[in-house]
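Welcome! Let's go through this protein together, asking at each step what lies behind the words used for it.

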Amino acid sequence: MIFEKSERLKKLPPYLFVELDRKKAEAVAKGVDVIDLGIGDPDLPTPDFIVDAMAKAIKNPAYHRYPSSQGMARFRESAAGFCKKRFGVELDPSSEVCCIIGSKEAIAHFPLAYLNDPEDIVLVPTPGYPVYHIGTLFAGGTTWYMPLTQENDFLPDLDAIPPDVARRAKIIWLNYPNNPTAACAPEGFFTKLIEFAKEYEIIVCHDAAYSEMTNDGYKAPSFLEFPGAKEIGVEFHSLSKTYNMTGWRIGFVVGNSEIISAMKQVKSNVDSGQFEAIQEAAIAALDSDQSCVQDMQTIYQERRDTLVSGLRSIGLEAPIPKATFYVWAKVPEGYTSADFCSMALEKAGLVCTPGNGFGEPGEGYFRMALTVPTERLQEVVERLKKAI
Ligand SMILES: *Cc1c(COP(=O)(O)O)cnc(C)c1O
């Protein structure tokens with residue numbers, strides 16, 4: 001029997017990492033010692049004190065029952081406390097915080113709260129995290145891409161959005177520190193963004209997955225720090241990268257209470273919340289002195305310095321990222337992104353991501369994730385030097 005797939009599935013772009021995984025598997029099968037810098041998934045374990053909090057909580061029978069979809073009150077208080085301590089942002093844990101099963105889940109579901117049909121536009125950065133577009137597609141809306149280019153410091157040019165598009169736009173997605181470009185937003189950008197969103201009555205969704213992954217003393221701001229932000233927007237936080245917890249699936253959305261309430265309405269009809277023992281682990285992480293975050297930053301900074309100076313030493317153009325755990329670099333003359341990444345895999349056994357996989361303006365770039373130890377990054381440079 002052949003069941004006809006829905007139009008929304010047929011319209012999906014090929015998932016970026018499927019093709020990469022296939023090529024990697026081929027190389028591994030041939031016995032190549034592959035170094036995988038493809039996916040942004042930390043190689044380091046979750047800190048012990050977080051694992052211990054879960055281990056203790058898992059024995060509590062109260063947690064074996066259905067959780068509440070919005071998250072435990074104590075979890076929401078911890079999330080609010082974290083935002084207060086880290087950003088100076090005041091939040092009401094009962095109306096301005098919602099627990100999510102990882103940011104991906106929440107980003108994909110969020111548009112269900114506000115989109116009706118293809119007339120409804122969502123403004124999405126490109127290159128960018130693929131889920132902004134996919135969530136729009138699943139909710140039946142239309143994506144309008146905002147190119148992030150080097151000339152614009154990888155910030156969307158809000159003035160370039162035609163007014164008729166802006167008027168139809170319901171949601172705008174932003175993500176700073178940015179994946180894949182590693183760009184950070186200057187403060188003036190958020191002020192301008194808030195003005196723009198208010199003028200056109202657009203909900204700002206800021207994806208802050210990398211807010212804690214910063215180097216050289218840089219502290220990324222929360223979008224909610226800026227005047228007026230809470231009137232028109234929400235911010236998506238994830239514990240995945242900050243605490244090496246990608247497998248645990250937990251994060252939180254904070255901000256405007258009306259928008260949070262709509263998000264809760266969607267989620268309570270789709271999922272039944274995250275396992276409360278995992279919420280206990282997250283509480284331990286958020287309430288901690290954050291020294292584990294500093295340790296993480298030190299490790300990535302060393303890796304970054306090794307990789308960037310190595311790439312530069314072999315003639316590649318790679319800026320020093322002050323946030324995220326990605327290096328976003330130009331491919332050498334004469335290569336497309338795809339050519340370069342294929343060459344890197346075939347001749348050097350390296351998995352890196354072609355920039356155009358995140359959207360057309362990413363053509364001419366490749367992304368490397370700093371998810372292997374420093375010695376392996378030295379080897380990456382050695383191998384690339386021979387291959388080029
Ligand atoms: C990794 C990442 C996330 C976080 O995903 P989780 O689902 O919380 O693991 C969100 N946004 C971007 C841009 C990311 O790179």
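Q: What do the words buried, exposed and partly exposed stand for?
A: Buried means under 20% relative accessible area, exposed means over 50%, and partly exposed is in between (1.4 Å probe, protein chains only). This is a predicted model, in which local features need pLDDT of at least 70, side-chain atom pairs count only at pLDDT 80 or more, and totals for chains, interfaces and linings use all residues. Residues are numbered from 1 along each chain as its sequence is written, and side-chain values use heavy atoms, with hydrogens and water left out.

Q: Why is Ser337 called buried?
A: Its relative accessible area is 0%, so Ser337 falls under the 20% limit and counts as buried. Ser337 belongs to helix H13 (residues 337–348); helices (H or I, at least four residues) and strands (E, at least two) are DSSP runs, numbered from the N terminus.

Q: What is Ser337 in contact with, leaving aside its neighbours within four places in sequence?
A: Contact means heavy atoms within 4.5 Å. By that rule Ser337 has partners including Val331, Pro354, Asn356 and Tyr365.

Q: Why does Thr324 count as buried?
A: Thr324 has 3% relative accessibility, which is under 20%, so the word buried applies. Thr324 sits in the loop between H12 and E9. Beyond its neighbours within four places in sequence, Thr324 is in contact with residues including Pro177, Tyr210 and Met213.

Q: How is the protein divided into domains?
A: The domain assignment gives domain 1 (7–45 + 291–387) and domain 2 (48–287). Such bounds come from an automatic or database domain assignment. The C-alpha centres of domain 1 and domain 2 lie 25 Å apart.

Q: How do you know that domain 1 and domain 2 are in contact?
A: Here 35 residues of domain 1 are in contact with 33 residues of domain 2. The area buried between them is about 3000 Å², with carbon and sulfur atoms giving 62%. Buried area is the accessible area (1.4 Å probe) that two parts lose on being put together, summed over both.

Q: What makes Asp216 and Arg304 a salt bridge?
A: A salt bridge needs a side-chain nitrogen of Lys or Arg within 4 Å of a carboxyl oxygen of Asp or Glu. The side chains of Asp216 and Arg304 meet at 2.9 Å, N to O, so the pair meets that rule. Between domain 1 and domain 2 the count is one salt bridge.

Q: Which elements give two or more residues to the side of domain 1 that touches domain 2?
A: They are helix H1 (7–10), helix H12 (291–313), strand E9 (326–330) and strand E12 (365–369). H12 gives the most, with seven residues.

Q: Are Asp216 and Arg304 buried, exposed or partly exposed?
A: Asp216 has a relative accessible area of 48%, so Asp216 is partly exposed. Arg304 counts as buried because its relative accessibility is 3%.

Q: Why is Glu231 called exposed?
A: Glu231 has a relative accessible area of 54%, which is over 50%, so Glu231 is exposed. Glu231 forms a salt bridge with Lys198, the closest N and O atoms being 3.0 Å apart. The pair links distant parts of the chain, with Lys198 in helix H8 (residues 187–200) and Glu231 in helix H9 (residues 229–232), 33 residues apart. Lys198 is partly exposed, because its relative accessible area is 36%.
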